[in-house]
Amino acid sequence: MASCHQIFHPRHPIYYLTQCNPLPQHTSHRHGEVLAIRDAAQKIGHPHLTGCVVYTSSEPCPMCMAACYWARIEKVFYATTIHDVKEHGRFEDEDFYAEFLKPAAERHIPSAEYMREEALKVWIEFGKMADKCHY
Ligand SMILES: [Zn+2]
C-alpha cells in the first residue's frame, strides 16, 4: 500500500515527498509522514518545522499525528479519513485513536508505572539544568 506525503516549508523552497510502504523493510512504523518529517528536519537542520504544512493522502495515524506535533507542524491536510481507510483498507488507525482515549491500564496493550521514584530524580535534575535541550 503506497500513499503520498508532502511537506511545504514557508521560507525555504523545499518540497518533500515520500511514499509509505513499511513492508519491504519489515518495519511497521515506517510511515510516510514520519519519513517526510525526518527528511525535512534534516534538510532544514532543526527538529521543529514551524510554519510547515503537511499534505497527505490519508488522515495521519496516531503515530504520524504525534510526529506532526513533535515537529510543530502548523497544519495537516488529508484526502481520506481514518474511517475511510478502516472501511476500505481494514487499517486500524481509527481503533488506535479510540484506544488512546482509554486509561493506560485498560488499553489492549496495558501499561503501568514502575520505578517512578528513582526515575523522577533524573527528571528533577534535568529540570534544574540551565542548558537543557528541548526538542
Ligand atoms: Zn502513520
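Buried residues make up 21% of the 135 residues in this chain, where buried means 20 or more other C-beta atoms within 10 Å of a residue's own, exposed means 12 or fewer, partly exposed falls in between, and C-beta atoms are placed from the backbone. What you're looking at is a predicted model, so local features need pLDDT of at least 70 and side-chain atom pairs count only at pLDDT 80 or more, while totals for chains, interfaces and linings use all residues. Numbering starts from 1 along each chain as its sequence is written.

**Overall layout**
- The chain has 5 helices and 4 strands, taken as DSSP runs numbered from the N terminus (helices are H or I with at least four residues, strands are E with at least two).
- Walk along the sequence and the pattern reads β-β-α-β-α-β-α-α-α.
- Take the contacts between residues at least 6 apart in sequence, and 44% of them join residues at least 24 apart; a contact here means C-beta atoms, placed from the backbone, within 7 Å.

**Strands 3 and 4**
- Strand 3 (residues 53–58) and strand 4 (residues 75–80) run parallel, joined by 5 bridges; pairing takes at least two DSSP bridges between the strands.
- Within that pair, V54 sits opposite V76 of strand 4.

**The core**
- The largest nonpolar core has 14 residues, and I7, I37 and L49 touch the most other members; such a core is a set of buried Ala, Val, Leu, Ile, Met, Phe, Trp, Tyr and Cys residues joined through C-beta atoms within 7 Å.
- Helix 1 (32–44) and helix 2 are the elements that give two or more residues to this core, and helix 1 has the largest share, 4 residues.
- Setting aside neighbours within four places in sequence, I37 contacts I7, L49, A67 and A71.

**Two positive-phi arginines**
- Most residues other than glycine have a negative phi.
- R72 has a positive phi of about 60 degrees without being a glycine; look for R72 in the loop between helix 2 and strand 4, partly exposed with 14 other C-beta atoms within 10 Å.
- R90 also isn't a glycine and has a positive phi of about 60 degrees; R90 lies in the loop between helix 3 (82–89) and helix 4 (93–101), and is exposed, with 7 other C-beta atoms within 10 Å.

**Helix 5**
- Helix 5 (residues 116–128) is hardly covered, with 0 buried residues among its 13.

Notes. Contact = placed C-beta atoms within 7 Å.
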